[in-house]
Amino acid sequence: MALFESILRSLNQVFEAGVAITALSLFIRALSFNLRDRVSRSFAIVLACVMFVFTGEAVGGAVNNPEMIPIWVGMQWVGILFLPAALQHFSDSLLATTGRPSRGRRRALIFLSYLFSLLLVIGMSVGFFLDQIVISEAKYPQLISAPVLVSAAFSLYYLGSVVMSAVNIWRAYRRTKLTASRRRISYLLVGVVFLAIGSYPYMHLGSSFALGFPVLFISLVVFGNVGIFSCLLIMAYAVAFFGVSWPDRVVRNRLLKWLLRGPITVFIMLLLLTVAIQVSDYFGDRYTVAVPIISVISVMLTEHLITLAYPYLERTLFHQEEDEGFYLIQNLSDRLVSKKDLRQFLDAIMAAICDQFQVSTGFVAASNEEGWEIVFHVGEWEAFKNGNLEKDLVKKVPEIGGLRPAQMYSWGDFWVFPLYTTMEEKLIGMIGVLKNAEQEFDPALIEPLKVLGHRATQALEDRILQKQLFVGMEELSPKAASIQRLRAASRFDQSEIYRELNEAQSAQELTTWVKDALSHYWGGPKLSESPLASLQVVRGELAKHDGNSVNALRSVLRRALEQVKPAGEKKFTPEWILFNILELKFIEGHKVREIASRLAVSEADLYRKQRIA
């Protein structure tokens with residue numbers, strides 16, 4: 001029986017530490033993700049109280065230094081004394097979220113509860129409320145209450161706060177109509193009641209029960225701590241849906257990953273350490289060396305198992321009913337070809353081509369909306385940067401016809417091989433390689449060039465498809481975000497469903513509209529049909545332009561352009577570069593290559609500065 005009691009005590013310490021660590025982990029998560037939401041903020045206060053209670057209880061029951069015990073027991077009581085007020089605050093926030101905000105009475109009552117808790121803490125520190133620390137025969141340190149009336153007042157205050165909190169949450173439950181939202185609020189109701197019951201300091205009322213029935217007592221304590229541990233997880237799950245616009249599957253996914261890699265991993269480590277200590281004590285061996293070894297191995301193995309099992313766990317728990325298109329989008333980042341990936345691939349192709357031609361200079365050019373651009377080059381840039389692909393070379397390459405024989409074109413000091421799309425037979429790019437002055441062109445080089453050119457064509461086609469995909473995603477993202485925000489807001493307050501779906505547009509969408517309007521500044525559908533025409537700043541200009549929305553929008557754009565312009569005479573200096581890019585590109589209609597050469601910047605840098613402008 002003594003061994004069984006010892007095991008129960010050790011298991012209780014594990015769960016006390018597990019509750020404290022879980023509360024700390026969830027508290028950090030609340031501070032990191034959705035602290036702007038009122039429910040999440042108030043729940044973070046509840047978590048802080050639980051963290052104080054169980055940290056003080058776990059450490060206070062484990063330390064052997066009599067001088068340290070009062071500090072940890074006092075810490076435990078700080079959490080206990082503030083917990084009733086925190087529960088009232090949390091329940092009020094929950095009720096307000098369902099469309100029933102406080103009219104002043106609930107807010108005033110919460111303020112008085114916090115004030116009363118603070119007074120009790122001050123009274124405890126000066127010995128008025130709880131003073132003497134006693135380590136009873138039950139081996140639990142506790143504070144003994146001095147004035148009976150004060151202790152009774154605290155118990156009534158604690159009970160009243162719990163009842164009031166439960167009533168508020170029940171009112172929130174009745175106001176919520178969605179089945180899923182009702183289920184989550186019911187989790188919170190059960191969690192608050194169990195948390196309050198499990199955190200109440202029964203030992204300060206007396207320890208006779210613990211002395212008379214030690215095994216039963218410690219079994220009840222273990223059961224209570226397991227319940228609190230479970231309730232914390234359930235409450236964290238329910239609160240995770242407040243203040244975020246993510247889909248439910250994303251909320252569950254992120255919370256599960258956080259719990260697995262944090263509290264669950266630490267709990268497994270504590271459990272293994274406790275088992276190791278108990279076994280070592282039983283055989284009379286020292287376990288000091290085993291502690292760091294078990295700690296490191298348990299954490300590493302647990303993290304490794306989570307990494308291996310999580311994809312299957314995620315698919316089983318969250319994505320069982322999704323179609324294949326969902327998994328394709330989910331893994332899209334692994335399939336995309338980044339700029340760096342494209343450069344590495346083209347670098348390998350150009351290295352092979354230059355080896356074939358025994359030269360060290362070449363380039364890959366691609367067509368885009370602005371004309372032609374050099375997407376990759378090796379060797380001396382000066383050798384071809386001054387050439388004009390569009391004027392000098394493209395005219396030589398046929399655009400219409402059947403299957404074309406693979407052939408080379410001479411362009412100054414370069415041999416150029418055109419690249420056509422696979423299906424549409426459209427000119428998509430060119431490979432250029434410097435002529436070798438020491439030897440004539442060998443027709444046998446055409447065959448390996450065809451193979452390498454086909455691979456470069458695939459890379460350029462993927463590049464175009466990705467740009468189209470990104471454009472589609474940019475158009476989809478604001479609409480999807482609006483739907484998710486509206487769906488999330490209406491989880492608990494049904495009045496939110498009547499809100500306008502497109503109350504605010506994202507900055508990215510507005511930037512796209514401005515760029516489109518500027519690209520057709522002198523006329524075109526992107527200007528005449530621009531959504532910018534519906535903005536108030538444009539409508540205010542209609543009267544000055546006889547109701548012509550195109551001229552009004554053009555006037556607003558011109559005025560905005562003038563605001564970018566620095567003071568003084570026009571110059572080609574760094575402080576003028578944003579204005580010069582906008583004016584040369586959209587007002588005067590110059591090509592990107594010409595602008596880059598005139599402003600002495602690379603095309604990539606020009607595009608970056610254009611976005612800023």
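**Cysteines, a helix pair and a loop**

Modeller: Begin with burial: Cys49 has 7% relative accessibility, so this residue counts as buried (under 20% relative accessible area is buried, over 50% exposed, in between partly exposed, with a 1.4 Å probe and protein chains only). Cys354, at 6%, is buried as well. This is a predicted model, where local features need pLDDT of at least 70, side-chain atom pairs count only at pLDDT 80 or more, and totals for chains, interfaces and linings use all residues. Residues are numbered from 1 along each chain as its sequence is written, and side-chain values use heavy atoms, leaving out hydrogens and water.

Biologist: How many disulfides does the structure hold?

Modeller: A disulfide is a covalent bond between the sulfur atoms of two cysteines. The test is a pair of cysteine sulfur atoms within 2.5 Å, and the structure holds 0 disulfides.

Biologist: At what angle do helix 20 and helix 21 pack?

Modeller: Helices (H or I, at least four residues) and strands (E, at least two) are DSSP runs, numbered from the N terminus. Axes are lines fitted to C-alpha atoms, for helices over the stretch in contact (heavy atoms within 4.5 Å), and angles run from 0 to 180 degrees between N-to-C directions. Helix 20 (residues 577-587) and helix 21 (residues 592-599) pack at about 150°, their axes 10 Å apart. Among the contact residues are Ile581 of helix 20 and Ile595 of helix 21.

Biologist: Where does Gln358 lie?

Modeller: Gln358 is in the loop between helix 13 (339-357) and strand 3 (362-368). Its phi is near 55°, a positive value in a residue other than glycine. Gln358 is exposed, at 58% relative accessibility.
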